[in-house]
Amino acid sequence: MLIFLLRRLLTMVLTALCLTFVVFFLTNLPPNLEKLAKTEAGSRITDEEVLSWLDKNGHGSPLLVRYGEWLGVLPGWTREEDGVTTGRCIQRGQDPATASRFCGVLQGKWGFSSVFKDEVSTIVGTRLSLTGILMFWVMVVMVPVSLIIGVLAGMREGSKLDRSLSTFSIATTATPEYVSGVILIAVFASSMFGLKWFKGTAASAMDGITFENFFLPVITIALYGIGYIARMTRASMTEVMTAQYIRTARLKGVSFRNVVMKHALRNALIAPFTVIMLQFPWLLNGVVIVETLFNYKGFGWTLVSAAGNNDIDLLLGCSVVAVIVVLVTQLISDIGYVFLNPRIRIS
């Protein structure tokens, strides 16, 4: 098990390096850097002034060198002009002699947002906590409901209950969040149908969560996931219920309830467990539409703002968080899969 974990951790580190380098390369393409220079120095500056600004701010170095500086494995750039020393690790008004040589992601220096005018680590931490709250309540609603639907549908394949629940699952999975969100707002938060039960915006939820301002965004995201997990659970349950050991248990006189609870359920939940773990990265990056629709300024909303405003440092910070969440949840999924299914052997 230890060797397996070490191999997976090494694979995770290499994967994270590759993915972050790809994002760094794409965000540091010449058109993006030119747009950044014109945003910071003025939209009417000439091409020569653009090159001069990029050189003064450390963007003139080779790509691999800049990536190493951003990552924190290479010393930050320095530049001396008219007796004034500036650099990546030198704060405004700071004595260059007291500045650290390394100031990258590994040192906790994620950069400065050109749009929000704040440290990237502070912005990401705040927005990630808001999305984390949303993800928590979505999982609280989505996981139990989807498992119950899937198990009930898979217990008696082909029954009226199975067909009804399967139709519901397919309908929710086939409906995008922006469609279901608009429908829910029109029905439950507007005067169109006269049912003003909830608020059509979650902006107030950033200050204090209530059932009124948080129900619609939670149920909008949960509906899509419920259908997907329920279908996977139903397929797994159907396969287990037709297994030979289940038939043997029924022939020996074991009640249907005990067959389901003691024999079928655990094996049927192995496949849905992996799917549930994969919902975390989907929720982190897939809430963009819902957060925008309900004006909930979480991680997804921040990612869209960073991309739309060419905020390179913030976009890189968001990508680091997304990569870490995907890799960690995948590792947890693999470990949990081993414990749930003793037949799996790690060689």
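Predicted model: local features only at pLDDT ≥ 70, side-chain atom pairs only at ≥ 80, totals over all residues.
User: Which element holds Val320?
Analyst: Helices here are DSSP runs of H or I with at least four residues, strands are E runs of at least two, and both are numbered from the N terminus. Val320 is found in helix 14.

User: Which residues does Val320 touch?
Analyst: Val320 and Thr20 are 300 residues apart along the chain, yet their C-alpha atoms are separated by 6.6 Å. Leaving out residues up to four places away in sequence, the contacts of Val320 (heavy atoms within 4.5 Å) are Thr20, Trp70 and Trp110.

User: What is the volume of the second largest pocket?
Analyst: A pocket is an open set of points on a 1 Å grid over the protein atoms alone, reached by a 1.4 Å probe, with protein on both sides within 12 Å along at least five of seven lines. The space in the second largest pocket is about 310 Å³.

User: Which residues lie closest to the centre of the second largest pocket?
Analyst: The second largest pocket is lined by 15 residues (an atom within 4 Å of a point). Helix 1 (2-27), helix 4 and helix 14 each give two or more of them. Closest to the centre are Ala16, Leu17, Thr20, Val320 and Ile324.

User: What is the volume of the largest pocket?
Analyst: The largest pocket has 35 lining residues, and closest to its centre are Asn57, Trp77, Arg88, Phe112 and Asp313. Its lining has 12 nonpolar, 12 polar and 11 charged residues. The volume of the largest pocket is about 1300 Å³.

User: At what angle do helix 2 and helix 3 pack?
Analyst: Helix 2 (residues 30-41) and helix 3 (residues 47-56) have their axes 9 Å apart.

Definitions and conventions:
Residues numbered from 1 in each chain as written. Heavy atoms only, no water. Axes fitted to C-alpha atoms, helices over the stretch in contact; angles between N-to-C directions. Points joined across faces, edges and corners; volume = space filled by probe spheres on them. Nonpolar A, V, L, I, M, F, W, Y, C, P; charged D, E, K, R; others polar.
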